[in-house]
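This report describes how one protein chain is folded. Look at the sequence and the structure first, then read on.

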Amino acid sequence: MVSSGVHLPRVQPGSRWTIAAVTRLNVSGAAMPAGVSDEQRIDTRAVVSLSSTRTATGALRGSGQIDSFTVRSSLADATPPLATTGSAPVRPSLLLIDALIDSTTLRVVSRPPLANECDRPEVSAMQLARELLVRIPDGVAQGDQWRDSTVTLVCRNGVPLTVYTTTRSRLEKVSRETLVVTRDISTTLDGTGGTAFRAFTLVGSGTGSQRLEIGAVSGILERLQGASTLTMQVVERIPPGAPRSQQVLQRVELRADRVR
């Protein structure tokens with residue numbers, strides 16, 4: 001039986017999820033260093049615990065922690081700004097977080113805040129946790145859609161980036177046990193950084209889709225599966241030489257499951 005409108009609880013008690021992302025990078029253009037493949041893979045995993053409160057607009061504000069975070073990467077010898085981690089597993093200590101999502105904001109920050117977020121593995125952990133935040137306004141019914149637009153500042157190998165994200169969500173299915181929400185995500189990014197002796201410019205755009213299963217009574221995310229593709233153009237300038245250009249194709253597969 002289809003509900004006439006969804007009204008989720010105002011309080012979402014502490015819940016725990018495992019979340020994993022597999023990222024594949026394909027590089028074309030300027031040659032990679034000797035011995036480094038132009039196809040790379042990064043495996044990122046974490047356990048996220050979070051409790052939150054919500055408003056009638058679906059905005060969530062919560063706090064929790066990230067632990068068991070690991071990164072395994074084949075980018076040990078890649079040339080910046082492509083490389084962010086080494087090939088050995090990276091395991092930051094337990095990370096306390098605060099989280100917020102509304103129609104214009106999607107943010108997870110550490111508590112206390114990091115003094116410098118550029119190229120820190122903790123930032124990758126917080127990006128995983130962001131995927132677990134879902135905004136569902138009161139009163140939406142099966143087939144209804146809503147839209148969120150956010151701007152995020154990130155940093156990669158000293159290059160500050162501005163990321164613009166538009167998310168179009170749709171309530172695909174309503175049952176007594178489960179809500180099924182799909183999200184179509186469009187992303188653009190750009191940034192410039194470096195020094196007068198070695199400067200980088202990066203632009204990119206991409207799309208993604210996600211399918212989320214949410215408890216109809218609890219409002220808690222039970223399962224998430226998604227995939228995205230991002231194409232980036234990186235230009236490196238080292239005077240007096242000619243600019244060197246690389247194109248990076250990034251494909252990400254994402255999965256999260258609630259831990260009972």
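## Chain, sheet and helix

In this predicted model, buried residues account for 47% of the 260 residues in the chain. The accessible surface is about 12,800 Å², and 53% of that area belongs to carbon and sulfur atoms. Among contacts between residues at least 6 apart in sequence, 63% join residues at least 24 apart.

The chain has one helix and eleven strands. Read from the N terminus, the elements follow the pattern β-β-β-β-β-α-β-β-β-β-β-β.

The eleven strands form an open sheet with antiparallel pairing, in the order 5-4-3-2-1-11-10-9-8-7-6. Strand 5 and strand 6 are at the edges, and because each has a single partner strand, one side of each is left without a neighbour in the sheet. From one strand to the next, the twist averages 20°. Strands of a sheet pair through backbone hydrogen bonds.

Strand 4 pairs with strand 5 in the antiparallel sense over five bridges. Ala 99 has Val 108, in strand 5, as its bridge partner.

Helix 1 (residues 121–130) lies across several strands, among them strand 4, strand 5 and strand 6. Helix 1 runs at about 125° to strand 3. Some of the other strands that helix 1 lies across are listed below.

| Strand | Residues |
|---|---|
| Strand 1 | residues 11–29 |
| Strand 2 | residues 39–54 |
| Strand 3 | residues 60–73 |
| Strand 11 | residues 244–258 |

Technical notes: Residues are numbered from 1 along each chain as its sequence is written. This is a predicted model: local features need pLDDT of at least 70, side-chain atom pairs count only at pLDDT 80 or more; totals for chains, interfaces and linings use all residues. Side-chain values use heavy atoms; hydrogens and water are left out. Two strands pair if DSSP finds at least two bridges between them. Helices (H or I, at least four residues) and strands (E, at least two) are DSSP runs, numbered from the N terminus. Axes are lines fitted to C-alpha atoms, for helices over the stretch in contact, and angles run from 0 to 180 degrees between N-to-C directions. Contact means heavy atoms within 4.5 Å. Buried means under 20% relative accessible area, exposed over 50%, partly exposed in between (1.4 Å probe, protein chains only). Accessible areas come from the Shrake-Rupley method with a 1.4 Å probe; for residues, only the protein chains shown count as cover.
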